[in-house]
Amino acid sequence: MVRKYKAHYVLTCMVLLVLSLAMLIPVANIIALSFTSPDKIPEVSGFTMLPKGFSLINYKLLLTNSKVLRALFNSLLITGVSTILNVYMTCISAYVLTQSDLKGKSILIGILILVMFFEPGVVQEYLVMKHMHLIGDYWSVILYKAINVYYLIIMMRFFEDIPKSLIDAARVDGAGHGKILLRIFIPLAKPAMVTVGLLYTVFHWNACFKPSIFLSQDKWPLQVLLRQFVVLGNASCIIEAETINKASQISYEALKAGFIVIAIVPILILYPLILKYYTKGTMQGGVKG
Amino acid sequence: MSKRNHVFNASKNHKRQSFKCYLKQNGILYVMIIPAIIYFSIFHLLPIVGMRIAFEEYHLQGSNEWVGLKNFVALFRSSTFLKVLLNTLVISLMKLIIIMPIPIILSLLINELKQKNFKKYVQTIIYMPYFLSWVVIAGIWLSLLSYDGVVNQILNIFHIEAVDFMKSEIHIRWVLIFSEIWKSAGWNSIIYIATLMKINPTLYSAAQIDGANRFQQMWYITLPELVPTIVTLFILNFRLLLNAGFDQVFNLMNDSVLNSIDILDTYAYRIGLLDGQYAFSIAASLFKGMIGVILIVSTHLAAKKISGKGLW
């Protein structure tokens, strides 16, 4: 009996180990490739997890390229401004929508359900943007997802958990809604705000399709440029022919890998925070993602 | 009679006063929600209202002409649309049936782990791909699946001939399935792991005393506890039957596999924004939206009837 149990346990561990390696190796491989020195590139196989030799040539080339820098700046700008606006709008709306005695609440909830379950499609979104004269403007990508209904619901769940006695006590002391939100809800729901803020950040950083149709080329964020270069294989979008000739010793594959790494570094930096806040919230409060 | 009237008036007065009082106390709430209302009106309700274009013939100059269901009829007569619809259904159903159970199995496996460090390592790694964009994943998978990529190298060990997966119409749908699993199965297991952690451990002790082995414990205790979560997620996913994952397909698609993975959303994008046939494209989107609403309402009602608990 004891031996049988052990065999089954070892099997479980093996399965999970293999699965986790299937997710770890491709990412580690890309990172290793991007740091490998150019003369050792042919030695790198798909299973290599550590760079052979060490070189920053890909990053030097990418991070001195004006188009990449421009895209990086665009991404940071869009992500930063959007996230601040998102968290602000989401907090305020969640506060209002969790007021139990709000008149007209059912209409607002109805709108939310409609928005959640009915998407008008890409042409309609484009036409509305055009109508608002926002095409080609940073505001188009900042505004089109000012509130994500799912994240709003996460926030509302957190707000609903705040003890009523605290709110009543504040009300007796004469605090209005503004004060209650600022002094009670926001400090208590800080983990929720960080969680939602991080999810919004990831969303905006990773967005590719909508920015590519709403924005003109000089305002493209990193992901759109990455798509052009890595997925569509359109190298001329960032590198002029002369640069390729000048740096003939660089490998095209390694350059792609370097670009991918630049795009995932912010995600990898934020990831531990997301794990800490999101999983903690999920495990404790049963928040649905 | 007069007394009654008096009481009536008093209550009316009281009501008016209490409403005034309510507004004075809570009017600020309506001010606070105004930005959100404006946002939803402009970016969500306005596009929905604008979908009436689906019933019109779009003219660049002058006003549009009402043509009723003409666009929809044309849509269903178009062989491309029917092919795209079939693709969408096949890919969605494959995803629903093949992918749904994987997070459940993962959560059961992770739940068995006893070494805390190993458990933490596994969770940290398998949740991570969820946060990578489809562009990045497409970039990584393109090299994985290329002719001399890792997958073909592994297949070579088993003497299976190399395949160019990204360009093969037969294999590309499976690429969609596996890349979807790679990206989100880990993260989607969180909700099940959270449910598993809430199961009362005395249930297992009692079962062990009764002589139940681990498999029986899983079958009779763990799985029934997971059923409500599974049902809810199934309904939520079923509603997406005509979605099939736009971002994923958009990034993994190329001309040689267009036939087998062109889905409704990519079709609407192509004929709408690239070819400029707005009315046609919006008709396709409206069709998709309506089916989505029908699906969500009917699955909700079915779930309510079966388990007594719907979505809302």
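The model is predicted, and the values below are computed from it. Chain A comes to 14 helices and zero strands, whereas chain B comes to 14 helices and two strands.

**Chain A as a whole**

- Read from the N terminus on, the elements of chain A run α-α-α-α-α-α-α-α-α-α-α-α-α-α, in keeping with its count of 14 helices and zero strands.
- The radius of gyration of chain A is 24 Å, and because this is well over the 19 Å that the globule rule gives for 289 residues, the chain is more spread out than a compact globule.
- Taken along the principal axes, the box filled by the C-alpha atoms of chain A is roughly 75 × 70 × 35 Å.
- Of the 289 residues in chain A, 53% count as buried.
- When contacts in chain A are taken between residues at least 6 apart in sequence, 69% of them join residues at least 24 apart.

**One residue in chain A: A:Ser34**

- A:Ser34 is found in helix α1 of chain A, an element that covers residues 2–35.
- Is A:Ser34 buried or exposed? Its relative accessible area is 0%, and since buried means under 20%, A:Ser34 counts as buried.
- Leaving aside residues up to four places away in sequence, A:Ser34 touches A:Ser55, A:Asn58 and A:Tyr59, and also A:Ala254, A:Ala257, A:Gly258 and A:Val261.

**Chain B as a whole**

- Besides its 14 helices, chain B has two strands.
- For chain B the radius of gyration is 27 Å, well over the 20 Å that the globule rule gives for 312 residues, so this chain is more spread out than a compact globule.
- The C-alpha trace of chain B spans about 100 × 75 × 35 Å along its principal axes.
- Buried residues account for 47% of the 312 residues in chain B.
- Among contacts in chain B between residues at least 6 apart in sequence, 64% join residues at least 24 apart.

**One residue in chain B: B:Trp141**

- B:Trp141 lies in helix α6 of chain B, which covers residues 134–144, and with a relative accessible area of 8% B:Trp141 is buried.
- Not counting residues up to four places away in sequence, B:Trp141 touches B:Val175, B:Phe178, B:Ser179 and B:Trp182.
- B:Trp141 and B:Val151 are ten residues apart in sequence, and their C-alpha atoms are 9.8 Å apart in space.

**Where the chains meet**

- The contact draws 87 residues from chain B and 85 residues from chain A.
- How many salt bridges does the rule find across the interface of chain B and chain A? The rule finds one, and A:Glu119 forms a salt bridge with B:Lys288 in which the closest N and O atoms are 3.7 Å apart.
- Across the interface of chain B and chain A there are also 14 residue pairs in polar contact, with both residues at pLDDT 80 or more.
- Helix α1 of chain B (residues 2–49) gives the most to the side of chain B that touches chain A, contributing 21 residues.
- Sorted by class, that side of chain B has 63 nonpolar, 17 polar and seven charged residues.

Note on methods: Residues are numbered from 1 along each chain as its sequence is written. Chains are lettered from A and ligands numbered from 1 in the order in which they are written. This is a predicted model: local features need pLDDT of at least 70, side-chain atom pairs count only at pLDDT 80 or more; totals for chains, interfaces and linings use all residues. Side-chain values use heavy atoms; hydrogens and water are left out. Contact means heavy atoms within 4.5 Å. A salt bridge is a side-chain nitrogen of Lys or Arg within 4 Å of a carboxyl oxygen of Asp or Glu. A polar contact is a pair of N or O atoms within 3.5 Å; within protein, one must be able to donate a hydrogen and the other to accept it, and residues adjacent in sequence count only if both atoms are side-chain atoms. Helices (H or I, at least four residues) and strands (E, at least two) are DSSP runs, numbered from the N terminus. Ala, Val, Leu, Ile, Met, Phe, Trp, Tyr, Cys and Pro count as nonpolar, Asp, Glu, Lys and Arg as charged, and the others, Gly among them, as polar. The radius of gyration is taken over C-alpha atoms; the globule rule is 2.2 Å times the number of residues to the power 0.38. Buried means under 20% relative accessible area, exposed over 50%, partly exposed in between (1.4 Å probe, protein chains only).
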